[in-house]
There are 2 protein chains.
Amino acid sequence: MELSERKEKILRAIVDDYIMSAEPVGSAYILENHELGVSSATVRNEMAALEEAGYLEKPHTSSGRVPSVLGYRTYVNSLMKEYSLTLNEMAHIRNALAHQYMEFDKALSSISEIVSFLTNYTAVFTTPVSSKYNIRQIKLISVDPQSFVMIVVLNEGVVKNRTMRVKKPYEAEVLDKLSNYLNNKFAGINLNALTDDILDEEKALVPVESYILDMIFDFISELAKDTEDYNIVCSGTTNIFNHPEFNDINKTKDFLNFVRSGNSGEIKEILKKASSNAEPSVIMGDDNPLLKEHGLSMVVSDYSLGNDLKGKMAIVGPTRMDYAKVISTLNYMSQHIKGLIGETDENTDK
Amino acid sequence: MELSERKEKILRAIVDDYIMSAEPVGSAYILENHELGVSSATVRNEMAALEEAGYLEKPHTSSGRVPSVLGYRTYVNSLMKEYSLTLNEMAHIRNALAHQYMEFDKALSSISEIVSFLTNYTAVFTTPVSSKYNIRQIKLISVDPQSFVMIVVLNEGVVKNRTMRVKKPYEAEVLDKLSNYLNNKFAGINLNALTDDILDEEKALVPVESYILDMIFDFISELAKDTEDYNIVCSGTTNIFNHPEFNDINKTKDFLNFVRSGNSGEIKEILKKASSNAEPSVIMGDDNPLLKEHGLSMVVSDYSLGNDLKGKMAIVGPTRMDYAKVISTLNYMSQHIKGLIGETDENTDK
DNA sequence: TTTAGCACTCACGGCTTTCGAGTGCTAACA
DNA sequence: TGTTAGCACTCGAAAGCCGTGAGTGCTAAA
């Protein structure tokens, strides 16, 4: 159904107001806040029509109107006015990105923190994965006479390590030899190519006690599996307390369990399914049964950094979400995050 | 004030019952659940005396009694019966400790997860720090023609790394040389000894472009600062929904903000101040104004792993906490956590 | 010192009442 | 035909009002 210009105006006004106030909005309230040049009775008639057409809903007979999912969708797709980040907000984001972090995970959670802070909703990031991880270098380094740490450097500067303990003291040369052997054998190889079969085959050729090889090859094998999958970083969960739809303790409980289920969980599934899109896209209502069940919406966007690392970031919140602001924030973030890895030259003067 | 044996018995009964039920306990209720051999009137008299002496409180005139802080303290110090972990619970802990983790942080949060799961409260761990970190090895590894990753291995198998990008492509030999130089210079040195002054002095001697050296020495310098301080890992925050004192949305909000303030925050301060004690110790009420304000208690215990890494772990919950169970759980954990680092030989057969 | 008995207190849940924001409908008007 | 003033109606939310019952403290007798 095509909406008349006036209907569009009214629908936009209702969604805007409802997003601000969280209260069902009535005809009089609209007139106060928007220049429409008609009376409340006319607005009521139009609202009745919009309800009839499925854009609005009434919590009960004598209350104001609330946008339906269709209403929100129309709003997001064509009615909403773009939100421009303030200079302050942009600065926040750039600062977070310019900072030098001790570990990559820290960086990711800081960034997630910023996004949730700016939007006032909950932010969820996936750790980035590469489609073509390969091993750049392997090194075994002695920690004490009976333990060493195995370090694997992947492309994009990803570093993985694990400490291993052996049953009796080893000679320094033995460790070096093994280190060189592994490095020669595996450097340059794509992780995906390292199936367990190939590893087993390889293992049979090395003249070292088998339990040590088990540890080493287990690590490599897990690495291959681990890097295929991503993890979830989530922050700003307590922001929901700022939104009245979560004044009910059970809703809050529900939300936190949903969102903090993290890696094992439902959020991950939703992100996995979400289509890859550099532009932020909105998932709500019928798009996903889980979100519908919890009365939530998500705005999801891809991000990429370095040469080949890609991940997703999302904002989770009530369906009554400030989509304009959320979308702008994710947009700005995804445009600027690219240089997070390695690009240190810009901020050495700071 | 010395308590008669019967008063002790009654106080213990009240605290036990209250911990279970979260309801003020009345004289009749006690008689039902405990063998006292006296009438409810007698119990009432004793309760009045215990209240007079400050061990009990009444929410209002005609309600049952609730333990006061003094009551809890007496209970914890001398009345409480020790809780024995079930075989199942012990197995949970041992499994978590036996598992091989990709990264140390993951291990810590898994362990924290287990502790919060078993106790049904919120667990807070500090990342472990060593009093004498020293550098075992430094290595620069090429990632692409214009970036490399700097890896620093500390004792106890702690690995830190940062990716660095340079303005123009470098020669492989230059990187190797620099890598060797750094390694020769710093391997074996205690991190605490590396003040900024010393680093600056050293920096002047190296014939490499200064912005690159800045990046490298900044990293080392931050490393020294970073390892002095610890971070906070926290899990099981949603467990509070299982306790009726948090049925009030504001209490819950308050609690989550308190506990998730994490690194910037109050919890960290409390843990810092907590006396070092291998045995779990209880902090509540007047011990700490912050906890008092939020109506919370903590049980804190040290843990140590490897040869020289030490941290603290704590359970945060309502003052009405199952202290016996929490203490036993932390005890068991701190006894078994020691081998988390490196001790892989026990579970290769699994 | 203990205990039976009893009057008293007070939070809690359920019920009713009141209030008001907001509606839909009708009839008049442009 | 579209707009608007007017009005009766609806219904949720807040406030007020018991009745109930768990639990107490006190008194007097054992």
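**Note on the DNA surfaces and aromatic pairs**

1. By class, the surface near DNA strand D is made up of three nonpolar, 12 polar and five charged residues; a residue is near when one of its heavy atoms lies within 4 Å, and Asp, Glu, Lys and Arg count as charged, Ala, Val, Leu, Ile, Met, Phe, Trp, Tyr, Cys and Pro as nonpolar, and the others as polar. The model is predicted, so local features need pLDDT of at least 70 and side-chain atom pairs pLDDT 80 or more, whereas totals for chains, interfaces and linings use all residues. Residues are numbered from 1 along each chain, chains are lettered from A in the order written, and side-chain values use heavy atoms, without hydrogens and water.

2. Around DNA strand D there are 20 residues, of which A:Arg6, A:Thr42, A:Ser62, B:Ser27 and B:Arg65 come nearest. Sugar or phosphate supplies 79% of the atoms of DNA strand D within 4 Å of the protein, and bases supply the rest.

3. From chain B, a side-chain N or O atom of B:Lys58 lies 3.3 Å from a phosphate oxygen of DNA strand D. The elements that give two or more residues to the surface near DNA strand D are α3 of chain A and α3 of chain B, and α3(A) gives the most, with four residues; helices are DSSP runs (H or I) of at least four residues, and strands (E) of at least two.

4. Of the atoms of DNA strand C within 4 Å of the protein, sugar and phosphate account for 80%. By class, the surface near DNA strand C has three nonpolar, 12 polar and five charged residues.

5. A polar side-chain atom of A:Arg44 lies 3.2 Å from a base nitrogen of DNA strand C, and a side-chain N or O atom of B:Arg44 lies 3.4 Å from a base oxygen of DNA strand C. B:Ser39 instead uses a backbone N or O atom, 3.0 Å from a phosphate oxygen of DNA strand C. Two or more residues come to this surface from α3 (40-52) of chain A and from α3 (40-52) of chain B, the largest share being the four residues of α3(B).

6. Over all chains, a search finds 10 aromatic pairs, meaning Phe, Tyr or Trp rings (for Trp, the six-membered ring) with centres within 6.5 Å, stacked under 30 degrees, edge-to-face over 60 and otherwise tilted. Among them, B:Phe125 and B:Tyr303 are tilted, because their planes stand at 45 degrees, with ring centres 5.9 Å apart. B:Phe125 belongs to strand β3 (residues 122-126) and B:Tyr303 to strand β10 (residues 296-305) of chain B, so the pair ties together parts 178 residues apart in sequence. B:Phe125 is buried at 0% relative accessibility, as is B:Tyr303 at 2%; buried means under 20%, exposed over 50%, and partly exposed in between, with a 1.4 Å probe and protein chains only.

7. The rings of B:Phe148 and B:Tyr170 are edge-to-face, because their planes stand at 80 degrees, with centres 6.1 Å apart. B:Phe148 lies in strand β6 (residues 147-154) of chain B, and B:Tyr170 in the loop between β7 (159-165) and α7 (172-186) of chain B, so parts 22 residues apart in sequence are tied together.

Conventions:
A polar contact is a pair of N or O atoms within 3.5 Å; within protein, one must be able to donate a hydrogen and the other to accept it, and residues adjacent in sequence count only if both atoms are side-chain atoms.
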